[in-house]
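Please read the following structure with its charged side chains in mind. The text below leads through some of the contacts between them.

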Amino acid sequence: TILEVYGQSEGTGPTSFNRKDKFKLGSVGPVFPGCEIKIAEDGEICLKGPNVFMGYLKNEEATNECLKDGWLYSGDLGKIEDDFLYVTGRKKDIIITSGGKNITPINIENSLKIHPFIGEAVVVGDGRKYLTALISLDQDVVGKVAAEKGVAPEIVMAAPGTREIIQGNVETINKDLASIETIKKVEILPRPLDVANNELTPTMKVKRKNVNDNWAKLIDAMYEEETETPEASRDVDSSKKKR
């Protein structure tokens, strides 16, 4: 039996946890005894109790950002159902499209990463009309396929068949998503995300902003039609009519 728990250093460990006699799959359990949990208007999980820390050493600004009226603002998004807490994403990772829609990318990314060929998936779309995704391939799987075929791993990564596999996975995931959440375009990165390029933390968490900065040209290429000017569109339409 696998029981999920949730917590952070600022809360001295656990915030909530499932027990063998009281658990719900997908949740992180009821609140830790003696503590309180509330969900802020924007969906952020807030914790109050004797286990909440006093603040960051010599960093009043950071302390004031997460401690408000005795409540620890976790930075995580969640919901409470039947006294069980569910974590749904990170507040700083929320994508706001140009149409003003708020999208939590973590669930989409996790669904994409179920496929063995995909090592990391980063959904992009902040301030854009639609969502796209950057995909880095799992190097162990790439190496195994390359060995079986007797070719270099780079050949496998660039092969049209590999893109077809990834695109097929994206289309499968899209079927279970709302229209605004679907991935319209995908690009496969020529190398895995890594710590050396400041794209991953030492604990292998994706640094979304740095990934967006490092691969800005590739991202912009997926949104080229968004930058098309109205004048250019009219010129194209006009030329079509003449033909």
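**Salt bridges in the model**

Lys91 counts as partly exposed, at 35% relative accessibility; the term covers the range between buried (under 20% relative accessible area) and exposed (over 50%), calculated with a 1.4 Å probe on protein chains only. The model is predicted: local features need pLDDT of at least 70, side-chain atom pairs count only at pLDDT 80 or more, and totals for chains, interfaces and linings use all residues. Residues are numbered from 1 along each chain as its sequence is written, and side-chain values use heavy atoms, with hydrogens and water left out.

The side chain of Lys91 forms a salt bridge with that of Glu44 (3.0 Å, N to O). Here a salt bridge is a side-chain nitrogen of Lys or Arg within 4 Å of a carboxyl oxygen of Asp or Glu. This pair links distant parts of the chain, 47 residues apart, with Glu44 in strand E4 and Lys91 in the loop between E7 and E8. Helices (H or I, at least four residues) and strands (E, at least two) are DSSP runs, numbered from the N terminus. Glu44 is buried, at 6% relative accessible area.

Lys91 also meets Asp42 in a salt bridge (2.7 Å, N to O). Asp42 lies in the loop between strand E3 (36-39) and strand E4 (44-48), so its pairing with Lys91 ties together parts that are 49 residues apart in sequence. Asp42 is partly exposed, at 40%.

The structure holds 13 salt bridges. Another of them joins the side chains of Lys209 and Asp213 (2.9 Å, N to O). These two residues are 4 apart in helix H6 (residues 208-214), so about one helical turn separates Lys209 and Asp213. Lys209 is exposed, at 58%, and Asp213 is partly exposed, at 46%.
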